[in-house]
Every structure is written in C-alpha cells, then in structure tokens.
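Dear colleague,

Here is the structure I said I would pass on. My notes on it follow below.

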Amino acid sequence: MTSGSETAGSSGDAPADSHPPLRLAVLVLVGLVVARAVVHLALGPGFVGDDWSLAGAMQLDGHQGRFILESRPGTYLVFTTVYGIGRMHPVVVFLQVTALYLLVVLLLHALLRRFVRPSTALAVTAVWVILPTHTTITVWGATTNSLIGMILALVGLLLLSQGRWVPATIAMVASVLSYELSTPILLLATLVVPGSWQRTPARRPVPWAARVVALALVTLTALWSATHSVYDEELSLLVPDPVVYASAHFGSGLFASASTPGVLRFGVLALVLATTVAAVAAWLRGERDREAGPALVLDGLVLMALGAWIAVVLPIGSHGVVDRLYAVSTIGSAFVLVGLHRYLRARQRALAVGAAAVLLACCVAGTFVALRSWSDAGADAVALMRHLEQEYPDAASRRFVVGPEPVYRNGVAGVTAGHDKWTGWAWFGTRDGLVRVAGAGDEPGDGETVVRWDDVLGSP
C-alpha cells in the first residue's frame, strides 16, 4: 500500500483525456432521469396526499390557499402554475415534476464542474440521480416548490462562483422564499464563494462589503420565512436522531422499505460508516488531494451536516414521503459514496468494483420499490373514491370516515389527514360532503358512514 500523497494521487486524479466531454455527460444524466420517469409512467403516477388539496384548490377556487402566499410566496406561484396546468391529471403533473428535476440535475452538474474535475462532477451527479433516498422530489407534485427552490439556489451558486454577486443574491433570496431547504448552504456560500479553491476561477472577485450585503439579505429572508411559517404549529426544536438520519442516507433509505431484512439494511449502513471512518482517518494522515477519496468523503459529510438542520425542526424518518427533506443532504451522501469508491479503488480495485456493483443493485431495487410505493399509494386513493362512488349514490354529499387507520405503502399514504377532505371535494367537485381518514383509536363521529380499507382494497 502506498502512503500519503501517492495514494491520494492514484485514487482520484484521472488523466485529463479520460474526462467525459460535456455533451456525453449531459446525455448520460438525461438518460438516467428519463429512465426513472419511464418506469414510473409504466407503474402509473397518481395523486397522493397534498396533491388532492393543491389540485382541488385550483379546481374549486381557481387559486391556492392564501396562507401559502403569506408564508411562501414563491411556493404560491409554483403550485398555481403546476396545478393550473395539470389540474386533475396526475400524469401531466408528473411530467412537470420530471422536467424540473432534470433541470436540477443539469444545474447541479454544471455547478460541480466549477469545483471538481468533470469526471468527478459526472460521477457525483449520476450517483445522486440513481439514489432512491430522495424519490419524493422526483415524483410528487407537492414538492415542485422544493425543486424550484433548488433550481434558484443552484443558479445563485453558479452566478456567485462567477463573481456575479448581485443576480446571485436575488436568486438565493428567491430560493428561500420558495423553500428553505438550501438556506444553510446559501448562507455559507455568501462568505466562501467564489474562492481561490475553485477549479474554474471566478471572472471577478467579490469584495467583502458585497459578501456582507448578500449574507444580510439571505439572512433577513430566512428570518422572515421562519417567522411566517406555512405550518400552524409554533416552532419547537427537536432532538435529532443520528441513527435515523444515517439510515435514511446509507441504510433503510437505500432499500426504500423497512420490510427489507434488518441484517441487510443495517449491514450496509455499518459497512458504509466503517469505511467512512477509515477514509476520514486517511485524510487526517495527509491524504488530501481534492479529487481523492478521503477529500470527497469529507466534502460529502460537510454537505450532509449542512442539510441536517431539518432534523431539528421537523420529524424525520428513514424512507417514504419524508425523504423530501433529504433533497440537499443526499447530494452530500453521493459525494461520500463516490469518495468511498475511490478510497477503496486505491487500495483494492476488485473490492471497489464489487462494492460499486452492490451499491448499484441496491439503488436499482430501492428505486423500483420507492416508485411502486408512490404508484400504489395513488391507486389506493382512486380505489377509495371509486368505491364510495359505486356503493353510495349520494357519496358527494355524505360524510365518511375511513379506517381503522391509514394505509401506508413504505411510508407513503394516498389519503392523509389534513388533505383527506380535499380528496373527496376534488373528486366530486363539491364541498357538500366530507371524507376523513381515521387514525389509530379514532371513533366515528355523528353522521359519519364508516368505510373499511379492507372493503376498498380487499383483505391483505
């Protein structure tokens, strides 16, 4: 085994002529995104949870709820556009999601090329695309605000990396007003981007006075957003669970299900964490070439740490609908996985190839499970409404309670509390009736007709 700088050089820096041309890289990324979309189209997109209230608001009111405008004005515009175009057609909404996700992917790749070699930028972006750990933003219309927030954040970072701080600041502020997920990275970027550490230098420097202005504007926007939250509840800080967070990125999240045997889910997690510790130790010993495995692992861990703030303010889980919260942090996990591959390749090439094959198999299987879960959840909602329509002639004006508790497909439910009433309103085009999904232990209210999921979907 070589030591120090020798290992670093052999593990990360591919010869310049081995780097993929931009056109080929774009074709690869477009192909991956389209392949995922084709699979979901074959399985069948459907409306899930928030989709019903967002599409229903456009159908019945002609606009989104005013509370969204008062808390996330960017989100209001996004949902008005997406569901104004898609209306009650899930496939049309999904195609818009796919177009926005593809734009995020291409912008991410363009940004990474300014900081790392083209081969590294393609590897990290491609791994991020195939990871099933952020499936929600690839299929759910209700996360198009998150996609727009990421698009604006990436545009802002691209402009900032070129030294164009004024339009960059405008884009970053607009990003926070659409969705807050990228805020910590944007705040840090105002101080450190552009920098001499970029692979592609900025066209012009950004003076410190301009950095302070940009930081102040993004900070003030973030504070406004925090004090005008879309959530009714008062802000209460949570104690994050590092095991759940890690499992969401490298354990259960890779399989998109808790039904996968624990020895497999947590075995993969343990192997990734153990190799990560070894790579960090190698970095501390001096293996610090920027394209080598240990450095890329450190880059990824920093991004994951910046994305972990969400675990302090919202409940998290390892898979399912909550993986929308990992849209940013999973870019960090992609860095970690690419870095671990290079770390292993420098020491034992056959082991690196085997690990990559296992990871690819997990991602392909996990992505299919996740996409099928979203498709099944959407089908559950349609099955419920068709059942009510067929069994009750006056269903449009009747009050229903559906139980005994929601049906989850690997963390995704087609009809959810808070949006259940909109499922009926949007389906029937009237507010005369009410559909309510019962939780565990809920009792039917006066005048409510009880409907069991077993009767809708058949006995398990």
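A salt bridge is taken here as a side-chain nitrogen of Lys or Arg within 4 Å of a carboxyl oxygen of Asp or Glu. By that rule there are eight salt bridges. Please keep in mind that this is a predicted model.

The closest N and O atoms of Arg431 and Asp61 are 3.0 Å apart.

Next, Arg342 forms a salt bridge with Glu291, with 3.7 Å between the closest N and O atoms. Here too distant parts of the chain are linked: Arg342 belongs to helix 18 (residues 329-345), and Glu291 to the loop between helix 15 (262-284) and helix 16 (293-307), 51 residues apart. Arg342 and Glu291 are both buried.

Because Arg436 lies in strand 2 and Glu448 in strand 3 (residues 448-452), the pair ties together parts that are twelve residues apart in sequence. Arg436 is partly exposed, with a relative accessible area of 22%. Glu448 counts as buried because its relative accessibility is 14%, and buried means under 20%.

Now the nonpolar core. The largest one has 116 residues. Helix 6 (residues 90-113) gives the most to this core, eleven residues. The residues with the most contacts inside the core are Tyr83, Tyr101, Trp128, Leu384, Leu388 and Val451. What is Tyr83 in contact with, leaving aside its neighbours within four places in sequence? The partners of Tyr83 are Asp51, Leu54, Ala55, Met58, Gln64, Val93, Gly141 and Ala142.

One further residue is Thr169, which lies in helix 10 (residues 165-178). Thr169 has a relative accessible area of 4% and is therefore buried. With neighbours within four places in sequence left aside, Thr169 is in contact with Ala214 and Leu217.

Regards

Notes: Residues numbered from 1 in each chain as written. Predicted model: local features only at pLDDT ≥ 70, side-chain atom pairs only at ≥ 80, totals over all residues. Heavy atoms only, no water. Helix = DSSP H or I, 4+ residues; strand = E, 2+ residues; numbered from the N terminus. Buried < 20%, exposed > 50% of the residue type's maximum accessible area, 1.4 Å probe, protein only. Contact = heavy atoms within 4.5 Å. Core = buried A, V, L, I, M, F, W, Y, C linked by side-chain atoms within 4.5 Å.
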